[in-house]
Amino acid sequence: MNVEIMTGPYSAGAGPSASMPDQVAAWLVTALVSGKFYLLFAFLFGYSFTLQARAAERDGAGFAARHLRRVLCLFLLGLAHAVLLFPGDILMTYAVLGLVLFAVRNVTPRKLVRAAVWLVVALSAVLLARGLAALGSAAAPADAAGAADSVAAYRGDPMSVVHTNLEQWRLMLGGDFLYAPHILAAFLLGLAAGKHRVLAEPHRYRGQMIRLLRYGLPLGLAGGAFAAVCGNGPLDPRWSDIGMAVEVLTAPALTGAYVSALVLVLGTRRGRRLGGVLAPAGRMALTNYLTQSLVMALVFTGYGLALYGRAATAAVLAGSCVLYVAQVAVSNWLMRQVRYGPVERLLHTVTRGRTG
């Protein structure tokens with residue numbers, strides 16, 4: 001998803017010279033990926049909160065101080081990430097909402113799930129209202145001059161890239177605020193799941209996972225397809241918010257289906273082998289996240305090849321898959337040498353403090 005923002009000023013597959021493969025690739029990304037995987041990462045962040053709390057209890061350390069240091073470190077990492085590499089950074093949002101997570105740490109799982117549902121429904125209603133209002137207005141004209149300016153800036157020298165990142169970050173803050181309830185809802189669901197040790201004892205929840213896969217997959221796919229029709233065509237851009245309203249409402253179902261399918265597969269003999277290959281990349285997910293932004297900045301901005309606005313969507317997605325395979329290989333090698341990835345080591349050290 002991030003590469004769509006870093007590759008050029010147009011929505012994926014929607015540029016003036018987008019080919020049919022590019023349009024199809026963009027449509028599939030919206031239907032299957034957009035709005036789903038940041039929920040997965042947010043769910044895991046909420047789940048990891050319970051692991052951090054248990055670790056602090058085992059160590060006899062104050063959890064409040066540890067958590068505050070952790071979110072402060074995440075915020076500063078995110079700030080550097082947004083300014084230097086990628087203005088769509090998510091780490092600062094995680095850090096701020098992490099304070100909310102601490103405030104509700106003693107709420108029961110049932111109430112956490114109920115609050116998450118209300119947050120999702122409320123955000124969907126806001127987007128639906130905005131979308132219905134947009135249908136009654138004329139379609140907004142494309143900002144060709146603004147797109148040309150961003151292309152020139154991102155192909156410029158490093159200072160031009162930093163300045164443009166700051167401008168883009170400012171423009172994206174509104175979207176960060178708007179979608180914060182969606183991320184917080186995933187945090188709360190992750191916290192509730194962590195309290196029940198769902199991922200530590202998946203055999204206890206096999207039936208629920210099968211039902212979530214059976215019902216969540218078709219619901220989520222239908223919602224994703226509708227969002228793609230609204231966001232990538234054939235419907236015009238005025239339908240975008242209505243598509244996002246449906247996506248917000250149905251994306252948790254598809255994300256849950258993805259999680260259920262993966263956990264069920266990893267419980268099989270062949271799945272355990274697959275898990276052994278993928279786990280090292282998961283153990284250094286923060287390092288890989290930032291490395292992806294670094295690679296994309298070197299490819300698409302004036303830091304390196306300056307291909308901003310020149311790459312086709314389908315080719316970019318294929319390149320992203322190649323990058324991920326390379327990261328899995330490097331992660332497997334590195335995790336055989338050390339316990340933590342480089343950024344994870346930094347975060348661990350800051351979280352534990354001087355006595356950690």
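Residues are numbered from 1 along each chain as its sequence is written, and side-chain values use heavy atoms, without hydrogens or water. Because the model is predicted, local features need pLDDT of at least 70 and side-chain atom pairs count only at pLDDT 80 or more, while totals for chains, interfaces and linings use all residues.

The protein chain contains 14 helices and zero strands, where helices (H or I, at least four residues) and strands (E, at least two) are DSSP runs numbered from the N terminus. The radius of gyration of the protein chain is 21 Å, close to the 21 Å that the globule rule gives for 356 residues, so the chain is as compact as a globular protein of that length. This radius is taken over C-alpha atoms, and the rule is 2.2 Å times the number of residues to the power 0.38. Along the principal axes, the C-alpha atoms fill a box of roughly 60 × 45 × 40 Å. Of the 356 residues, 40% are buried; buried denotes under 20% relative accessible area, exposed over 50%, and partly exposed in between (1.4 Å probe, protein chains only). Among contacts (heavy atoms within 4.5 Å) between residues at least 6 apart in sequence, 82% join residues at least 24 apart.

Helix 3 (residues 37-59) has 23 residues and reaches 33 Å from its first C-alpha to its last, close to the 33 Å expected at 1.5 Å a residue; the expected span is 1.5 Å times one less than the number of residues. Its buried residues include Leu 39, Leu 40, Phe 43, Phe 45 and Phe 49. The cover over the buried residues of helix 3 includes helix 4 (63-84), helix 5 (91-103), helix 8 (158-195), helix 10 (240-266) and helix 14 (342-352). Gly 60, which follows helix 3, has a positive phi near 65°.

Asp 241 lies in helix 10 and is buried, with a relative accessible area of 13%. Apart from neighbours within four places in sequence, Asp 241 contacts Leu 127, Arg 130 and Gly 131.

Most residues other than glycine have a negative phi, and most peptide bonds are trans. Arg 197, in the loop between helix 8 and helix 9, has a positive phi of about 55° and is partly exposed at 36% relative accessibility. Ala 306 also has a positive phi of about 55°; Ala 306 is placed in the loop between helix 12 (285-300) and helix 13 (313-335) and is buried at 10% relative accessibility. The peptide bond from Gly 233 to Pro 234 is cis, with omega near 15°, and Pro 234 is in the loop between helix 9 (206-232) and helix 10.
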